[in-house]
Amino acid sequence: MSGGLSVALRQKRFAGGPPVLGEIAFELAPGERAALIGPSGIGKSALIGLIAGLDRDFEGEIRTPPGRIAMVFQTPRLLPWRTLAENVAIVCGDPARARALLADVGLSEAADLHPERVSLGMQRRAALARALAVDPVAILLDEPLVSLDPASAEAMRGLLDAAFERTGALGLIATHDRREALILADRVLEFGGRPARLVSDRRSPLSRAERRARGAVEALHADWFGG
Amino acid sequence: MAADVAQPVASGPETRPAGRRGGALGARLGWTGLSLLGFGLVWAALAALIGSDELPGPVAVWEALLVQIRTDGYFGHLGATLARVAAAFGLAMVLGSALGLALGRSGALDRAFGGWLTLFLNLPALVTIILCYVWFGLTEAAALAAVAVNKIPNVAATLREGARALSRDLDEMAEVHRLSRLDRLRHVVLPQLAPFFAVAARNGLALVWKIVLVVELLGRPNGVGFQLHSYFQLFDVATILAYAFGFILVVQAIELLILEPWERRATHWRR
């Protein structure tokens with residue numbers, strides 16, 4: 001598939017250990033948003049790292065779309081000795097654009113603060129702004145909403161939607177939270193077993209607009225996962 | 001020593017409005033001044049009580065200082081010592097940092113040379129000095145080399161810890177965002193190493209000051225160490241104390257005017 005993401009992994013193991021990831025194959029079309037779900041520690045982050053090119057030690061083939069890939073790590077990984085604006089500007093090379101990107105995620109007031117002086121929710125938003133500074137064709141997100149309070153999570157969800165709309169990038173979102181997956185994604189890939197494999201690959205029947213309604217998401221959650 | 005370099009504590013005060021910081025500094029200087037005044041009084045009283053040339057009072061030392069300034073090139077000797085300290089300190093920081101970073105980044109290098117580092121860390125300063133003078137003659141280069149060799153293992157051990165503590169997370173962040181090598185160094189690596197540089201510099205300066213005097217005493221024709229040796233032979237305690245105080249003053253000025261502001265700047269982002 002041209003312009004999309006194609007993963008054809010045979011195996012991934014960390015030095016000396018047993019394989020963490022088994023055979024995993026899927027493709028994402030340009031603009032498609034998929035969630036990668038499964039329990040914590042199953043290897044979702046490992047796969048995200050492979051796709052991001054941080055780890056090239058694996059068997060198989062991963063083809064990424066031409067262009068830059070953005071990554072939002074589970075922890076914000078901002079430089080604590082630089083202000084939020086500097087953190088973004090280091091990546092995009094343009095202080096004015098850095099401020100505009102921060103304004104997009106509601107951080108114009110906090111642009112000159114250091115990361116340790118703002119909340120985790122704000123740090124996450126700054127990390128999102130930094131990721132978007134590379135003009136990505138694909139955005140990888142590792143547990144983007146974890147350990148945020150409900151209001152911050154809701155705000156972040158809205159910002160993610162807006163970021164995807166604006167960039168038209170394809171997205172892969174690793175999360176252990178099934179509801180979060182159903183809210184954010186067009187498609188849900190589920191990891192299971194050890195080494196991890198895809199145990200299901202389902203397309204959400206809900207449109208992006210429909211997913212904003214809590215009831216529809218709950219109904220789909222009950223339908224797919226029971227309870 | 002290697003043991004106490006593992007956790008450099010960044011001891012900067014939190015960022016405060018400039019006025020308050022200035023006020024706190026003023027109060028601190030005020031108390032230090034009072035405390036030193038007390039020391040001067042006790043010293044003068046003791047000297048008066050004993051009434052011997054072996055414990056001259058503050059006035060006698062002040063007079064000795066003036067004599068030195070007028071007749072024996074006081075500032076020239078102080079300057080010579082200062083220049084040696086600066087040269088040896090710079091040499092040791094550069095070489096020690098490079099060595100420490102290399103050892104901290106490469107497991108193989110650390111296994112190969114970690115033992116050497118321990119060896120040199122525990123080599124007595126006097127042995128290094130004597131060997132340098134024996135092998136290279138009583139030259140300036142030998143003197144500087146002796147001081148630097150004493151100091152390099154300390155810097156290396158400290159920076160090795162710093163290199164080991166570099167964050168993999170931030171490394172990955174830099175990789176994903178394709179930061180240039182220069183940007184990585186400026187924004188990611190050096191700020192992480194800054195507290196380790198500060199610790200190495202601070203400990204290093206204290207060590208270099210002391211060793212430089214010994215080096216001068218053993219084989220240099222000028223400098224504070226040389227003067228101390230000369231006046232020791234004359235049992236001229238007042239002049240010896242005059243050099244000691246000049247020395248203390250310079251060290252404190254460097255500490256207050258250079259090291260502390262720099263450390264504050266390097267850690268201003270902390271909560």
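I began with contact: two residues are in contact if their C-beta atoms, placed from the backbone, lie within 7 Å. I noted that this is a predicted model, in which local features need pLDDT of at least 70, side-chain atom pairs count only at pLDDT 80 or more, and totals for chains, interfaces and linings use all residues. Residues are numbered from 1 along each chain as its sequence is written, while chains are lettered from A and ligands numbered from 1 in the order in which they are written.

**Entry 1. Where the chains touch**

I looked up the interface and found 15 residues of chain B in contact with 16 residues of chain A. On the chain B side, the elements that give two or more residues are helix H7 (168-176) and helix H8 (181-219). Helices (H or I, at least four residues) and strands (E, at least two) are DSSP runs, numbered from the N terminus. H7(B) gives the most to this side, with six residues. I sorted this side of chain B by class and recorded seven nonpolar, two polar and six charged residues. Here Ala, Val, Leu, Ile, Met, Phe, Trp, Tyr, Cys and Pro count as nonpolar, Asp, Glu, Lys and Arg as charged, and the others, Gly among them, as polar.

**Entry 2. Chain B as a whole**

I recorded ten helices and zero strands for chain B. The C-alpha trace of chain B spans about 75 × 55 × 30 Å along its principal axes. Of the 271 residues in chain B, 32% are buried (20 or more other C-beta atoms within 10 Å of a residue's own; exposed means 12 or fewer, and partly exposed lies in between). I took the contacts in chain B between residues at least 6 apart in sequence and found that 75% join residues at least 24 apart.

**Entry 3. Helix H2 of chain A and its partners**

I examined how H2(A) (residues 84-92) packs on H3(A) (residues 95-104): the angle is about 120 degrees and the axes are 8 Å apart. H2(A) is therefore oblique to H3(A). Angles under 35 degrees count as roughly parallel, over 145 as roughly antiparallel, 65 to 115 as roughly perpendicular and the rest as oblique. The residues that meet include A:Val88 and A:Cys92 in H2(A), and A:Pro95 and A:Leu102 in H3(A). By class, this contact has nine nonpolar, no polar and two charged residues.

I then turned to H4(A) (residues 120-132), which packs with H2(A) at about 20 degrees, the axes again being 8 Å apart. The two helices are therefore roughly parallel. A:Leu84, A:Asn87, A:Val88 and A:Val91 in H2(A) meet A:Ala126, A:Ala129 and A:Arg130 in H4(A). This contact divides into five nonpolar, one polar and one charged residue.

**Entry 4. Core and loop**

I looked up the largest nonpolar core, which has 121 residues; among those touching the most other members are A:Leu36, A:Val88, A:Ala129 and B:Val147. Such a core is a set of buried Ala, Val, Leu, Ile, Met, Phe, Trp, Tyr and Cys residues joined through C-beta atoms within 7 Å. Leaving aside neighbours within four places in sequence, A:Leu36 has contacts including A:Leu47, A:Leu172 and A:Phe191.

Is A:Ala29 buried or partly exposed? A:Ala29 counts as partly exposed, because it has 15 C-beta neighbours inside 10 Å. I placed A:Ala29 in the loop between strand S3 (24-28) and strand S4 (33-37) of chain A.

Technical notes: Axes fitted to C-alpha atoms, helices over the stretch in contact; angles between N-to-C directions.
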